[in-house]
Amino acid sequence: MPQPRSRHQHWQLAIAALCLALAGCKSMAPDYERPAAPVAEHFPQAGADTGTDVASLAWQDYFADATLQGLIGDALANNRDLRSAIQRVEGARALYGVQRADLFPGLNAQGSFARSRTPEDMSLIGRPMVLSEYRAGFGISNWELDFWGRIRSLRDAALETFLAAESSQRASAISLVAQVANSYLNLRELDQRILIAEKTIESRQESVRIFQRRFDVGSTSKLDLKQVQALLAQAQTLLYQLQQSRATELNALTLLVGKPVELAPAGHAFSETKMLHQLKPGLASEVLTQRPDIIAAEHLLKSANANIGAARAAFFPRVTLTTSLGTASRELNGLFDAGSHAWSFAPSVSLPIFDGWRNRSNLEFAEVRRDLAVTSYEQTIQAAFREVADALAAQHGIRQQLVSQQEMLDAQAERARLAKLRYDHGATSYFEVLDAERSLLDVEQQLVQMQRALFSSQVSLYTALGGGSQSIAASSPITPISRQPAN
């Protein structure tokens, strides 16, 4: 024959049943629907519909230069701005944990001792009484029963805020990769321009030596000598400017990397090395949703949507529960004797009747914040679309300019050669040679700048497409939590 259940067992079953009932409560937040992307279906100048899966293309696979790979790896490990972003994510995780804890009852151990004296004229037995009371047990204090999903909505909002912070951290990492790559490209551009300036200085120093000898023997004028010296001074000034710019750029790269950087000048040209892989952007609607900043904006939208549920639930009664279960006795040695069981069960209900329209205003504010989040989400998509379109336009335009610039360089080099030949045969003044040499140096410098701009546009395209976001997420020091809030 089964034994009858004790009151303690009945109490445990009641609490378990109540928790199961609360687990089935449905949030009052509106159903979430992702807003339509307010951009065209295709990027301009994108080409084929099938594109590179840039989000899964790790930066180690995209950037082919070994030195650049090392710098990016150091930056991801040491950059202080990125470290701050990671710490903000951890803070958002902690706040989510605090909000999630409100779903569960807080079980507290309790112990107390009280001693009191009742005077004779107030005693029921006609003489003074001294009473002692000992209590021990555990209980639940002010646990809100989430019948309307208010706490669940606040938990969901905190979870989405955490996920938004996590996505923003990945966006910061991608941005850091691009900054390091562009700074490295700027250094390599300056290295190549310095090489051109140094070779020009060597050539013009030899010209000054030759014209000085001609002037000494009276075969050329002082004007020609000064013009040659001016050409040399121009190249030397340019070299000093480039060296200063390189030192400044190296300082900027050191700040990005987060530790001292020793980077020797490159001895090769851009065209002699393969630094980046080619990308195909594909469809806009497919690739933009993989960008971490767009993912973060959508999580913030979901958070605002969940806050509406919490604001709606505030209009309904709030039920809280305080319970305790333990033992009580007048004597300490009788605290755990048979029959010393003590318990209390104290639910309370609070129903808002008039609050000065506070709840209504909170609901209106939550709805406005949701609308603002929708607008921000759409703006983020539009900005991302423009970044990709700008990078594609830059690549297309710069490639065409490079062809023209190379033709201009070839023509300018031939012009300088012919001008020098004409001067040597006395057919023209040295002014024509001076103008041709100055133009040649400018065109050489511009060609290098344009080659670097093409690489930078490729980096911009990789970043705009959310390049490497999956690999960065996989290597992140942040421990992931469930992406789907529990019911």
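These notebook entries record what I looked up in a predicted model, helix by helix and then residue by residue.

**Entry 1: H3**

I began with helix H3, residues 66–78, and compared its length with expectation: its 13 residues reach 18 Å from the first C-alpha to the last, close to the 18 Å expected at 1.5 Å a residue. I then listed the buried positions of H3, which are Leu68, Leu71, Ile72, Ala75 and Asn78. Because these residues cover an arc of only 150° around the axis, I place them on the same side of H3. On the other side of H3 I found Ala66 and Ala77 exposed. For the spacing I noted that an α-helix has 3.6 residues a turn, so residues three or four places apart point the same way.

**Entry 2: H4**

I next turned to helix H4, residues 80–101, where the 22 residues should span 32 Å at 1.5 Å a residue, and the end C-alpha atoms are 32 Å apart, which agrees. Which residues of H4 are buried? I noted Leu82, Ala85, Ile86, Val89, Ala92, Arg93 and Tyr96, so that a charged residue, Arg93, stands in the buried list. Their directions cover an arc of only 110° around the axis, which puts them on the same side of H4. The exposed residues on the other side of H4 are Asp81, Gln87, Arg88, Leu95 and Val98, and I marked Leu95 and Val98 in that list as nonpolar.

**Entry 3: H5 against H10**

I looked up how helix H5, residues 150–216, meets helix H10, residues 430–464, and found that they pack at an angle of about 165° with their axes 9 Å apart. Since angles over 145 degrees count as roughly antiparallel, that angle makes H5 roughly antiparallel to H10. The crossing in which H5 passes H10 is right-handed. In my tally of this contact, the residues divide into 12 nonpolar, 9 polar and 7 charged.

**Entry 4: H5 against H8**

Is the crossing of H5 with H8 left-handed or right-handed? I recorded it as left-handed. The residues of the contact of H5 with H8 divide into 13 nonpolar, 8 polar and 6 charged.

**Entry 5: H9 and the residue after it**

For helix H9, residues 358–424, I found that the 67 residues should span 99 Å at 1.5 Å a residue, while the end C-alpha atoms are 92 Å apart, which agrees. Just after H9 I came to Gly426, which takes a positive phi of about 70°.

I looked up Asn142 in strand S2, residues 129–145, where phi is near 50°, a positive value in a residue other than glycine. With a relative accessibility of 57%, Asn142 counts as exposed.

I then went to Leu321, whose place is in strand S3, residues 318–329. Is Leu321 buried or exposed? I noted that Leu321 counts as buried, at 1% relative accessibility. I also checked Leu321 against Pro105, and found the two residues 216 apart in sequence and 9.0 Å apart in space, C-alpha to C-alpha.

How values were computed. Residues are numbered from 1 along each chain as its sequence is written. This is a predicted model: local features need pLDDT of at least 70, side-chain atom pairs count only at pLDDT 80 or more; totals for chains, interfaces and linings use all residues. Side-chain values use heavy atoms; hydrogens and water are left out. Axes are lines fitted to C-alpha atoms, for helices over the stretch in contact, and angles run from 0 to 180 degrees between N-to-C directions. Helices (H or I, at least four residues) and strands (E, at least two) are DSSP runs, numbered from the N terminus. Angles under 35 degrees count as roughly parallel, over 145 as roughly antiparallel, 65 to 115 as roughly perpendicular and the rest as oblique. A crossing is left-handed if the near helix is turned anticlockwise from the far one by less than a right angle, and right-handed if clockwise. The expected span of a helix is 1.5 Å times one less than its number of residues. Buried means under 20% relative accessible area, exposed over 50%, partly exposed in between (1.4 Å probe, protein chains only). The arc is that of the directions from the helix axis to the C-beta atoms.
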